[in-house]
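Here is a short note to read beside the model. Please keep the sequence open as you go.

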Protein chains: 2
Amino acid sequence: MSLELVSSARSFGGWHKRYRHRSATLGCDMVFAVYLPPQVDATQSLPVLYWLSGLTCTDENFMQKAGAHRYAAQLGLVIVAPDTSPRGADVPDDLDGVWDFGHGAGFYLDAVQQPWARHYRMHDYVVNELPALIEMNFPVSARRGISGHSMGGHGALVCALRNSGRYRSVSAFAPIANPMNCPWGEKAFGRYLGADRASWREWDACELLAGATERVPILVDQGGADDFLEEQLKPMNLQAAAERAGHPLKLRLQPGYDHSYYFIASFIEDHLRHHIQALKD
Amino acid sequence: MSLELVSSARSFGGWHKRYRHRSATLGCDMVFAVYLPPQVDATQSLPVLYWLSGLTCTDENFMQKAGAHRYAAQLGLVIVAPDTSPRGADVPDDLDGVWDFGHGAGFYLDAVQQPWARHYRMHDYVVNELPALIEMNFPVSARRGISGHSMGGHGALVCALRNSGRYRSVSAFAPIANPMNCPWGEKAFGRYLGADRASWREWDACELLAGATERVPILVDQGGADDFLEEQLKPMNLQAAAERAGHPLKLRLQPGYDHSYYFIASFIEDHLRHHIQALKD
């Protein structure tokens, strides 16, 4: 598992770097980005926040638009941003060129239906292969947090809830909170997982909350003027599920904010502080 | 001169808005972006920073990538970002589709050669038409600062040096500091202005410094690992010209930083503080 450096740029005294590598899990080449704060020169055990982006994104959107480097530099936090699906000519895509399925829309699950099952294993990649690569190649410890936006917010919640002990902290911006019960999720789950809706439950944060064996507190920000709120995101279903399960959830409705990176940039500092609180030491 | 709202998003308690309008100066429709900080609701006289972007950019790059909203919200500063050239099917472009001339590459001057002279009047637009529009439609005063990146850094310096009394503050990131003496500038000036190099001097910051009638202090940041530094940007020529003219210039070489928005984001706070210092009251 060797890393090929794609680009490198100084940022807030640290480094933004992009790497390409062959992913055994996904069966294709993948690019990810990492922000290394200035503290990287002085220690061998920085904590890592994994950021999962939303539909159509790559590793670049968060790094360019969230304004997170400033805070990561202050807090001594490494941030890793993978791509949002397997990529390449060998990886099957939606033939209609839609943006909510296929390339750029891996939904952070492990597909079981053909032709998707061979490559679309983003959950396994994000939870296992990528952290192993990061922890082998960078001066980080195994203190991991996870966050994301929209489809990536769904991904972050599911990664944390399915893998007890693996993440010390979790948060999300405008997550697809109950994918079994919204058009984006039903389309993706139906194709990647098949028609049996019972099998979808292990990829839905609302369903997973009931059976979670540890209670890592969840921070969620949701814009009040987000066009996708009612039909696709359904944060109130997450709130109800957390209440039923007795799971600690802080859901903040931010009036007037939409689904864009301006919303994320406005509140990313709070999220990074939420993570570093659990990740320090 | 009516404004058509293109989009609107909350950001750091304020608003990022994009507008379309018919530009009489440029003879085409133009889109610009404005960041309105939270203080916009409480006062009728906020200061305005004009930001001029570099080659290939639109009004969007700075707003999305510089991380400036956070500081503008703190400081009560309006930021206006115009496009980098006239646009549209009626506006002549380079027929070879190059990125360093024509659309996205107006160089913030007023062309005199055909077929460019009808539309390519970005200096007049940025200095006169756009501020008039802003000051008529938003709760701002006539306290103006100007800054920019690369081609836009050149533009900011030239706007300030050519228009005594119009800007209280000026700064630049990696400006094309001496366009008469670099390939980008020679190509653009030769086509927009014609073969007579004497006429180029009124669009070159190094030349203008000698004759400037007011001494507005200039702040310039330049990345030390910028691939364009030696061939295109030539900040040392600006430093020498400022020294000859006795013009106050703070030129900061930032080791390891490149030409990207990661460089701009890392130091934009210092620039906004430089501007607000001169723009307050």
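1. Two strands pair if DSSP finds at least two bridges between them. Strands (E, at least two residues) and helices (H or I, at least four) are DSSP runs, numbered from the N terminus. By that rule, β1(B) pairs with β2 (residues 14-23) of chain B in the antiparallel sense, over 7 bridges. B:Ser7 has B:Arg18 in β2(B) as its bridge partner.

2. This is a predicted model: local features need pLDDT of at least 70, side-chain atom pairs count only at pLDDT 80 or more, and totals for chains, interfaces and linings use all residues. Residues are numbered from 1 along each chain as its sequence is written, chains are lettered from A in the order in which they are written, and side-chain values use heavy atoms, without hydrogens or water.

3. Chain B has an open sheet of 9 strands with mixed pairing. The order is β1-β2-β3-β5-β4-β6-β7-β8-β9. β1 (4-11) and β9 (249-254) of chain B are at the edges with a single partner strand each, so one side of each lacks a neighbour in the sheet.

4. Now the interface. Which chain A residues touch chain B? In contact (heavy atoms within 4.5 Å) are 23 residues of chain A and 23 residues of chain B. The side of chain A divides into 9 nonpolar, 9 polar and 5 charged residues.

5. How many salt bridges cross the interface of chain A and chain B? The rule (a side-chain nitrogen of Lys or Arg within 4 Å of a carboxyl oxygen of Asp or Glu) finds 2. B:Arg70 forms a salt bridge with A:Glu269, with the closest N and O atoms 3.1 Å apart.

How values were computed: Ala, Val, Leu, Ile, Met, Phe, Trp, Tyr, Cys and Pro count as nonpolar, Asp, Glu, Lys and Arg as charged, and the others, Gly among them, as polar.
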